[in-house]
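Hello,

Here is the structure you were going to look at.

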Amino acid sequence: MKYFKQLICFAIGMLMSFPAIADDKEVPQLDISHVVLEHIKDSYEWHVTDIGEKSVVIHLPVIVHSSTGWHIFSSSQFEHHADANGYRQGPYGLVIPTTGDNAGKIVELLPGSGEEKRPFDISITKTVATMFISVFVLLLCILIPARWYRHHKASDKAPGGFTGFIEMLVMYVVDEIIKPGVGKGYERYCPYLLTCFFFIFTCNIMGLIPFPPGGGNITGNIAVTFFLALCTFVIVQFSGNKHYWKDIFWPDVPLALKAFPLIPAIEFVGIFTKPFALMIRLFANIMAGHAIAISLVCIIFLVASKSIGVFLGMSAVSVIMSVFMSTLEVLVCFIQAMVFTMLSAIFIGLARTEPEHE
């Protein structure tokens with residue numbers, strides 16, 4: 001949200017500088033790569049808006065364990081601007097570098113050497129805060145229909161409105177994704193797979209809202225997709241039957257390939273490549289969607305120093321493509337939630353497949 005507003009303010013400034021553009025005078029430049037990267041990555045504060053020269057920021061709790069023990073304080077205690085060494089100074093010897101490998105992360109400067117050391121960090125960052133909000137929204141979306149069902153019988157008329165919409169989604173996911181993917185005994189996996197679908201879908205939709213409580217890049221954070229993929233990995237392994245493990249360590253191939261365990265080695269690696277693909281697919285698609293959306297807006301500023309005709313023409317193209325991309329992102333939110341759930345269901349189903357008897 002912060003950077004979209006910066007872009008809007010910058011655009012207004014550009015519109016007021018048409019004479020300068022026409023006369024090929026120097027115009028302000030925007031660090032586009034910085035804007036895109038800052039929009040994607042996490043932060044310890046939540047920028048809301050700018051009022052004149054003052055920024056309205058929601059400062060989030062910092063919870064770290066450094067060499068001096070546990071520390072809990074507000075991110076407002078970090079300086080807004082970096083010092084000459086590129087550090088935003090904070091309390092307890094903690095700083096936030098603005099450059100280097102630890103840029104944007106809390107580090108501890110070791111006395112004497114000045115070496116950067118990452119403390120144990122469980123702070124409530126922007127991604128974590130938006131995830132909590134998304135979970136709260138998800139609970140409302142599920143508990144409201146659940147309350148309707150508690151006060152109605154199965155023979156009553158089907159619900160309409162919001163409850164009917166949620167029921168339609170649940171039945172679609174169960175009948176078209178979970179049941180065909182898992183197969184017999186799919187009912188025991190419905191709670192997990194439905195949770196995956198609605199959690200990812202809710203987080204994706206909340207990420208499209210360009211102002212609090214939305215705007216967080218939750219599923220575009222690889223730590224989140226890693227945990228979701230890890231959950232699927234654990235369930236798949238514990239759901240595997242004897243046939244599943246036999247196909248990995250003693251597959252039906254010529255004995256020579258078993259003696260020289262090429263095929264078992266490939267099958268064993270496949271255990272890990274499946275959840276890895278789940279993790280990367282969701283992370284890359286959501287992150288790329290955010291990056292493309294902001295990059296399309298930045299087209300305006302790439303041609304800012306050109307003629308007025310080029311500037312207006314490319315600005316119109318940028319706006320049209322941005323609206324199209326934002327609309328497409330709504331569809332992508334649903335598709336990515338569906339794909340993750342579908343592949344998880346298929347992996348679970350493959351682990352439970354019984355051998356065919358001729």
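Please keep in mind that this is a predicted model.

I began with helix 8 (residues 242-249) and helix 10 (residues 262-302), whose axes lie 7 Å apart and pack at an angle of about 125°. At that angle, helix 8 counts as oblique to helix 10. On the helix 8 side the contact is made by Y244, W245, D247, I248 and F249, and these meet P264, E267, F268 and I271 in helix 10. By residue type, the contact holds seven nonpolar residues, two charged ones and no polar ones.

The other helix pair is helix 5 (residues 161-182) with helix 6 (residues 190-208). Their axes come within 11 Å and cross at roughly 120°, which makes helix 5 oblique to helix 6. The crossing is right-handed. Helix 5 contributes L169, V170, V173, V174, I178 and V182, while helix 6 contributes C190, L193, L194, F197 and F198. The residues of this contact comprise 11 nonpolar, no polar and no charged.

V95 stands opposite V107 of strand 7.

Regards

Conventions: Residues are numbered from 1 along each chain as its sequence is written. This is a predicted model: local features need pLDDT of at least 70, side-chain atom pairs count only at pLDDT 80 or more; totals for chains, interfaces and linings use all residues. Side-chain values use heavy atoms; hydrogens and water are left out. Axes are lines fitted to C-alpha atoms, for helices over the stretch in contact, and angles run from 0 to 180 degrees between N-to-C directions. Helices (H or I, at least four residues) and strands (E, at least two) are DSSP runs, numbered from the N terminus. Angles under 35 degrees count as roughly parallel, over 145 as roughly antiparallel, 65 to 115 as roughly perpendicular and the rest as oblique. A crossing is left-handed if the near helix is turned anticlockwise from the far one by less than a right angle, and right-handed if clockwise. Contact means heavy atoms within 4.5 Å. Ala, Val, Leu, Ile, Met, Phe, Trp, Tyr, Cys and Pro count as nonpolar, Asp, Glu, Lys and Arg as charged, and the others, Gly among them, as polar. Two strands pair if DSSP finds at least two bridges between them.
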